[in-house]
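Reader: I have a structure to look at and some terms to learn. Can we go through them one by one?

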Amino acid sequence: MFVDTDNKLIWKNGSFEKWNDSNVHILSHTLHYGTGVFEGVRAYKTAKGAAIFRLQDHTNRLFEAAEKINIKIPFSNDELNNTQLEILNKNNLDQGYIRPIVYLGNEGLGLRAKDLSVNVAIAAWEWPSYMDPKAKNDGISVIKSSHRQYDNPLHSGNKIIGTYFSNTMALHEALESGADEAIMMDKDGFISEGSGENIFIVKNNIISTPTKAHCLNGITRQSVIQIAKDLDFEVQEENIRYEDLINAEEAFFTGTAVEITPITKLDNKPINDGKRGEVTYKLQNKFQEIISGKNSLYENWLTYTK
């Protein structure tokens, strides 16, 4: 995944350091107990240079998640926004992935996470495609995972480090079965999300997506809902059953990594005709326009690095 690391920098606690020299102490509280938060952010190549997609929204969510687990980030919102712009420039990236992370220090160990330093780091690197590029056209296969979505309500809407274990297990289960991704169910038996993506289905020209009760309210999810409404589609946030996905005309994932990726096979059976649907295709095209800086109506979703 990582290339040319000899020439890359990582920002940590206010200064830049060489990528290969960056480290975290083995007794960091976060390593042992998962007390930390993170974000996944994308920057795209445009005619005006690199542009970060919905930067402010991502940074706001980072601060909100930290507050939920009683971590006070020792930098301002603006400082972290500016650093994300700067790290792209310093690493000579005109597009890529950005990972801000907030973690606790190693001044002591035990469940009582008091009087520990709060550390913040931001890295950025090339991110050509999370999945096979053909997946955007051909779609991917998914399975219903035996691993249920994390029950802790803190997971909903927050990227908290310690809540992702079930997601990792679900993805591994899918890959070992020969599928590309997993569908996770919530505690009530409804579809929640993928291992790291939100899910949408299409039936009778109506777009449906699970409620925010037991899934991450992804920023790409929010964006696609807005784009779909602007294209005059009806969008419903509702409980979605496994059978609804089986009988859908179209299905797709959304997320920072996958953007908009069709789901064409469920538990080794095709969804509808097993091909990308027309609604998905329209949303993909509009999303591509936006992230490329070619749609002035959504210009405020992009923050340029220069």
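Author: Start with one pair. Lys265 has Pro270 in β16 as its bridge partner. This is a predicted model: local features need pLDDT of at least 70, side-chain atom pairs count only at pLDDT 80 or more, and totals for chains, interfaces and linings use all residues. Residues are numbered from 1 along each chain as its sequence is written, and side-chain values use heavy atoms, with hydrogens and water left out.

Reader: Which other strands pair with β15?

Author: Strand β8 (residues 140-144) runs parallel to β15, with three bridges. Ser141 has Lys265 as its partner there. Strand β14 (residues 250-255) pairs with β15 in the antiparallel sense, over four bridges. Thr254 stands opposite Ile260.

Reader: What makes β15 largely enclosed?

Author: Buried means under 20% relative accessible area, exposed means over 50%, and partly exposed lies in between (1.4 Å probe, protein chains only). Seven of the eight residues of β15 (residues 259-266) are buried, so the rest of the structure largely encloses this strand.

Reader: Why is the contact of Arg221 and Glu237 called a salt bridge?

Author: The term needs a side-chain nitrogen of Lys or Arg within 4 Å of a carboxyl oxygen of Asp or Glu. The closest N and O atoms of Arg221 and Glu237 are 2.7 Å apart, so the pair qualifies. Arg221 lies in helix α6 (residues 219-230) and Glu237 in strand β13 (residues 234-237), so the pair ties together parts 16 residues apart in sequence.

Reader: Is Arg221 buried or exposed, and what about Glu237?

Author: Arg221 has a relative accessible area of 2%, so Arg221 is buried. Glu237 has 39%, so Glu237 counts as partly exposed.

Reader: How do you know that Asp94 and Lys45 form a salt bridge?

Author: Their N to O distance is 3.8 Å, so the pair passes the cut-off. The partners are 49 residues apart: Asp94 is in the loop between α3 (77-90) and β6 (96-104), Lys45 in strand β4 (residues 41-46). Lys45 is exposed, at 52%. Asp94 is partly exposed, at 35%.

Reader: How many salt bridges does the whole structure have?

Author: The search finds 13.

Conventions:
Helix = DSSP H or I, 4+ residues; strand = E, 2+ residues; numbered from the N terminus. Pairing = 2+ DSSP bridges.
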